[in-house]
There are 2 protein chains.
Amino acid sequence: MEIKIVKDVLEKNKKLADNVRELLRSKNRSMFNFMSSPGAGKTLLLERLIPELLKRNVKVGVIEGDVATLNDSIRLQHTGVPVVQINTEKFGSLCHLGSNVVLAALEQTLEEEIELVIVENVGNLVCPGEYDTGSDINIVIVSVTEGEDKPLKYPRIFQKTNLAIINKIDIAEACDADIRLIKENIRKIAPENPIMETSARKEIGIAELADWMLAKHKVILESSNTLILK
Amino acid sequence: MEIKIVKDVLEKNKKLADNVRELLRSKNRSMFNFMSSPGAGKTLLLERLIPELLKRNVKVGVIEGDVATLNDSIRLQHTGVPVVQINTEKFGSLCHLGSNVVLAALEQTLEEEIELVIVENVGNLVCPGEYDTGSDINIVIVSVTEGEDKPLKYPRIFQKTNLAIINKIDIAEACDADIRLIKENIRKIAPENPIMETSARKEIGIAELADWMLAKHKVILESSNTLILK
């Protein structure tokens, strides 16, 4: 009974995620979904990443997801890019961004000149991995402070992402964290996926991430143009 | 429609949570539910806490919740206490422990001599706060590595707990974490609740936590005996 309900919710979510992708294609936009535990450093990473993307002449917009507060939107204000905040508190404290709220947020940005949309999902290593937001690319961030076995304990989210980022590498030593072991564990779950190492605080690996995203962005837009020509 | 479904699930969960509490009372047991983000240090804290509780002559048992792996149960083996592992992967990768699985786990321990049950919930700062496990006491752990604003961004779990623990205080400086600000933010959400500071790695605050739990344990058993006498 409960499993049936979950299946219905997931199917409905998938359908709206396809609508999100159609809308993105019609506006010539790509969308990247960032997921992690609470406090893995998503927002600070975006604070560093957005200026790197802007330097590469791509117009960025952000959809911010949180249970409560406008904190993260406020933190991103200095980047100067348009930000839409979603508070899931109003939807029963939802533990993830569903494609319905992402679609609604996206519709609020249609007048803006945006080419690349970044979604910062609710801090959670389980549920966001189950719900397609309509993003083209899914990225999971794991912090060195969280222990080396997180990919093994939360396998679904690592399987469903295109890139894994190991963040806060500057404090790996202070936490006795073994980065090589984190990588090994990610590879056990998602052997094909690239892995990047970053420190948002020390600005390590941010330019490489921006380059990787821009390359993906171009591929997405080209394939979408091809589809339209067909 | 979706909200109705969620309400039904929560009501069903609440009913089974009451069954859990009845079973606990009938066996003269108390139950403590530990919740946090992935990697906040729950398991290492339990590795240090359980010997402190055993020193105080209380018989401990553990219910371990994870999406996948037996890692945490294996880590607790050296404490010598009975551990039941729940892997929610088999229940659609559930992001929290429902009272149904806790009840099933508890029923597996009925032959064991246990007085105090510790539940280690799935690492998640949203969903476990919404689902009553049937525990008498709920405890939330926040690590200094997660940023100071987590109580504000995930208010429900802090409101629903009896104690907040700030863990990994030994690396606060390495993370530029402001412990006073974390405390202030907890007090904004749950002004009445006690707050403890711990470092499982450096064994700070563990004895105090064991003392606090034991005092609560006695109160729970006394009130349960009173209820039986009535």
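Tutor: Helices (H or I, at least four residues) and strands (E, at least two) are DSSP runs, numbered from the N terminus. This is a predicted model, in which local features need pLDDT of at least 70 and side-chain atom pairs count only at pLDDT 80 or more, while totals for chains, interfaces and linings use all residues. Residues are numbered from 1 along each chain as its sequence is written, chains are lettered from A and ligands numbered from 1 in the order in which they are written, and side-chain values use heavy atoms, with hydrogens and water left out.

Student: Where in chain A is N57(A), and what is its phi?
Tutor: N57(A) sits in the loop between α2 (42–55) and β2 (60–66) of chain A. At 68% relative accessibility it counts as exposed, where exposed means over 50%, buried under 20% and partly exposed in between (1.4 Å probe, protein chains only). Most residues other than glycine have a negative phi. In N57(A), a residue other than glycine, phi is positive, near 60°.

Student: What is the phi of N28(A)?
Tutor: N28(A) belongs to the loop between α1 (2–26) and β1 (30–36) of chain A. N28(A) is partly exposed, at 35% relative accessibility. Its phi is also positive, near 55°.

Student: How many disulfides does a search of the whole structure find?
Tutor: A disulfide is a pair of cysteine sulfur atoms within 2.5 Å. For C95(B), the nearest cysteine sulfur, that of C127(B), is 3.4 Å away, so C95(B) is in no disulfide. For C175(B), the nearest one belongs to C175(A), at 5.5 Å. Over all chains, the number found is zero.

Student: Is C95(B) buried or exposed, and what is the relative accessible area of C175(B)?
Tutor: C95(B) has a relative accessible area of 11% and is buried. C175(B) is buried too, and its relative accessible area is 16%.

Student: How many salt bridges does the rule find across the interface of chain B and chain A?
Tutor: The contact (heavy atoms within 4.5 Å) takes 38 residues from chain B and 39 residues from chain A. A salt bridge needs a side-chain nitrogen of Lys or Arg within 4 Å of a carboxyl oxygen of Asp or Glu. One pair joined by a salt bridge is K153(B) and D72(A), at 2.7 Å from N to O. Across the interface, the salt bridges number six.

Student: Which helix gives the most to the side of chain B that touches chain A?
Tutor: Four helices of chain B each supply at least two residues to that side: α1 (2–26), α3 (71–76), α5 (150–153) and α6 (155–159). The helix giving the most, with four residues, is α1(B).

Student: Which backbone oxygen does the side chain of T79(B) reach?
Tutor: T79(B) is in the loop between α3 and β3 (83–87) of chain B, and at 11% relative accessibility it is buried. Leaving aside neighbours within four places in sequence, T79(B) is in contact with E47(B), I50(B) and L54(B). At 2.6 Å, its side chain reaches the backbone oxygen of L76(B).

Student: How many Å apart in space are N100(B) and L16(B), C-alpha to C-alpha?
Tutor: N100(B) lies in helix α4 (residues 99–107) of chain B and is partly exposed, with a relative accessible area of 41%. In sequence, N100(B) and L16(B) are 84 residues apart. In space, the C-alpha to C-alpha distance is 6.2 Å.

How values were computed:
Polar contact = N/O pair within 3.5 Å; in protein donor to acceptor, adjacent residues only side chain to side chain.
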